[in-house]
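Please look through the model below before reading my points.

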Amino acid sequence: MREVPKNPPSKPSKELLVFPNPAPQRDYVIQFQVPEFTCHCPLTGQPDFAHFTIDMIADELCIELKSLKMYFWSYRNEGAFHEKVTNTILDDIVKATDPRFVRITAKWYVRGGIYTNVVVEHRKPGWTPAPRVDLPAHGFESGMLQG
């Protein structure tokens, strides 16, 4: 039998750790991509897979990445409907960070011939975003001559 290491490997956790926003004076977008989310169907027990995108404008606190990873991992053995788990994740992020804005897009992989996308968002009361700035689009330049 193998001896347990002094510092055991990471394990799933519902705790979202935070740190102070390094630039609270400005709105800027933090985007997290979670391409390997898994849970299982509460009715059939079969695995469900999703790609989560979290777009967030922090206020005073930001999410620490390793805790976010462990948080998402904690769903691996839980049964959850797509709509419920997406809304619960939003609620937990809002509770931990009280952001100005957060939008979660969960793109669930096909099940029974149906793709499911769930989009949820939160806006802090009283917060209004700065007006959008549209800049002219430019083509991609690779530096390679086209022959």
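1. Start with F72. At 6% relative accessibility, F72 counts as buried, because buried means under 20% relative accessible area, exposed over 50% and partly exposed in between, with a 1.4 Å probe and protein chains only. This is a predicted model: local features need pLDDT of at least 70, side-chain atom pairs count only at pLDDT 80 or more, and totals for chains, interfaces and linings use all residues. Residues are numbered from 1 along each chain as its sequence is written, and side-chain values use heavy atoms, with hydrogens and water left out.

2. Next, the aromatic pairs. Rings of Phe, Tyr and Trp (its six-membered ring) pair if their centres lie within 6.5 Å; planes under 30 degrees apart count as stacked, over 60 as edge-to-face and the rest as tilted. The count comes to nine aromatic pairs. One of them joins F37 and W108, edge-to-face, at 5.6 Å centre to centre and 90° between the planes. This pair links distant parts of the chain: F37 is in strand β2 (residues 30–40), W108 is in strand β5 (residues 101–111), and they are 71 residues apart. Helices (H or I, at least four residues) and strands (E, at least two) are DSSP runs, numbered from the N terminus. Both F37 and W108 are buried.

3. F52 and F72 form an edge-to-face pair, 5.3 Å centre to centre with 65° between the planes. Here the link runs from F52 in strand β3 (residues 47–57) to F72 in helix α1 (residues 65–73), 20 residues apart. F52 counts as buried because its relative accessibility is 0%. Ring pairs gather F37, F52, Y71, F72, Y75 and W108 into a cluster.

4. A charge sits over a ring if NZ of Lys or CZ of Arg is within 6 Å of the ring centre and within 35 degrees of the ring normal. The charged end of K14 sits over the ring of Y75, 3.4 Å from its centre. K14 also lies over the face of Y71, at 5.6 Å from the ring centre.

5. M56 lies in strand β3. Not counting residues up to four places away in sequence, M56 touches (heavy atoms within 4.5 Å) a set of residues including Y28, I30, L61, I93 and F101. P99 is also touched by M56. The C-alpha atoms of M56 and P99 are separated by 7.2 Å, and the two residues are 43 apart along the chain.

6. Now the strands. Two strands pair if DSSP finds at least two bridges between them. β2 and β3 pair in the antiparallel sense over nine bridges. I30 stands opposite M56 in β3. The hairpin of β2 and β3 has six residues between the strands, and G45 there takes a positive phi near 80°.

7. D98 deserves a check. Its phi is near 45°, a positive value in a residue other than glycine. D98 is found in the loop between α2 (82–97) and β5. At 38% relative accessibility, D98 counts as partly exposed.

8. Which element supplies the largest share of the lining of the largest pocket? β2 does, with seven residues. Among the lining residues are F37, K69, F72 and R76. A pocket, on a 1 Å grid over the protein atoms alone, is an open set of points where a 1.4 Å probe fits, with protein on both sides within 12 Å along at least five of seven lines; lining residues have an atom within 4 Å of a point.
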